[in-house]
Amino acid sequence: MAGQSTIVIDANSLLNLAITRVDASDRAPTGADPLKALLATYDVHVPDVVMGEIGEAAVGDDLLARAADLVLQAAHHLTTHDVEAALEAPLTYGLDTGESHAIWLANDLQAAMFLTDEFNTTNYLLVSLSLNDRNTLFTTPHVLCSLARDGILSTAYVDAVLTYFVETKHWDRAYVERLRTEYL
C-alpha cells in the first residue's frame, strides 16, 4: 500500500459507506461502491473493537445488518489492530470504546485522516480535542466529496449519495451544502 494515505475509520463511517450498496429501495442512489472506492484509495486501519462492533451489527436482517455484513466481507482490505493490548491505561476521551480506540490508533499511526460520522453530536468536539492533529478529522460526506474531486467516484453519484444521507440519516443539510459548494 505504498503511496496511499493512512486513514483510521470508526464503525459508523464504515457502515454508512456500505449502506448505499445494500439498500434496495427506490430512494437509494445507484452507482459505484463507496466502501470499495475508499478501500482501494487509502490504507485503511481500524482497531479490532470496531470490527467487533461491526460483527454485532451484522446480526439480523435489517439494512444495518446487511451493511455490516458487506463491511465484514471486505474486512480483508482493512488492517486491524489490537489497541487494547497496546494501552498502558484506560482511555478517558469520554467516547465509546470503538471511537476511543480508533482515536488512539490514529494518533499512534500519525494517520493522515481520522474518519468519523459524529458530526451532528458533541462527540465531534471530543474527537477533535482528542486527536493529536485536528486537521486529520474528516467525516464520511467530506471523504465522499474528496473521492469525487479526485475522479474516483462520479460527482453526480456523490451528489445523490449526499442527498440520500440528508434525507435518511438527517445529516446536517448546511454542512453537506457547504461541501457540495466546495467540492462538487
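In this predicted model, T136 sits in the loop that runs between α7 (123–130) and β5 (137–138). Although it belongs to a loop, T136 counts as buried, because its relative accessibility is 9%, under the 20% cut-off. Apart from neighbours within four places in sequence, the residues in contact with T136 are A111, A112, M113, F114 and L131.

Helix α7 also holds S130, which is buried as well, with a relative accessibility of 13%. The side chain of S130 comes to 2.7 Å from the backbone oxygen of L126. Once neighbours within four places in sequence are set aside, S130 touches Y93, I103 and N107.

Turning to the strands, β1 (residues 6–9) takes part in two pairings. With β2 (residues 43–47), β1 pairs in the parallel sense over three bridges, and here V8 stands opposite H45. With β4 (residues 113–115), the pairing of β1 is again parallel and again covers three bridges; in this case I9 faces L115.

Beyond neighbours within four places in sequence, V22 is in contact with L63, R66, A67 and L70. In helix α2 (residues 34–41), the buried residues include P34, L35, A37, L38 and L39. At the start of α2, D33 places a side-chain oxygen within 2.9 Å of the backbone nitrogen of L35.

Helix α10 (residues 173–183) can be described in terms of its two sides. Its buried residues are V176, L179, R180 and Y183. Viewed down the axis of α10, these residues fall within an arc of 100°, so they line one face of the helix. That buried set packs against α8 (140–149) and α9 (155–168). The face turned away from the buried side carries A174, R178 and T181, which are exposed. At the start of α10, a side-chain oxygen of D172 lies within 3.2 Å of the backbone nitrogen of A174.

What of the charged pairs? Side chains of opposite charge can pair when their charged atoms come close. Across the whole structure, six salt bridges are found. One of them joins R180 to D159, with the closest N and O atoms 2.5 Å apart. This pair connects distant parts of the chain, since R180 is in helix α10 and D159 in helix α9, 21 residues apart. R180 counts as buried at 14% relative accessibility, whereas D159, at 32%, is partly exposed.

R180 also forms a salt bridge with E177, where the closest N and O atoms are 2.6 Å apart. Because R180 and E177 are three residues apart in helix α10, about one helical turn separates them. E177 is partly exposed, at 36% relative accessibility. Taken together, D159, E177 and R180 are linked in a network of salt bridges. Another salt bridge joins D150 to R149, their closest N and O atoms being 3.0 Å apart. Both partners are partly exposed: D150 has a relative accessible area of 44%, and R149 has one of 48%.

Technical notes
Residues numbered from 1 in each chain as written. Predicted model: local features only at pLDDT ≥ 70, side-chain atom pairs only at ≥ 80, totals over all residues. Heavy atoms only, no water. Buried < 20%, exposed > 50% of the residue type's maximum accessible area, 1.4 Å probe, protein only. Helix = DSSP H or I, 4+ residues; strand = E, 2+ residues; numbered from the N terminus. Polar contact = N/O pair within 3.5 Å; in protein donor to acceptor, adjacent residues only side chain to side chain. Arc of directions from axis to C-beta. Contact = heavy atoms within 4.5 Å. Pairing = 2+ DSSP bridges. Salt bridge = Lys/Arg side-chain N within 4 Å of Asp/Glu carboxyl O.
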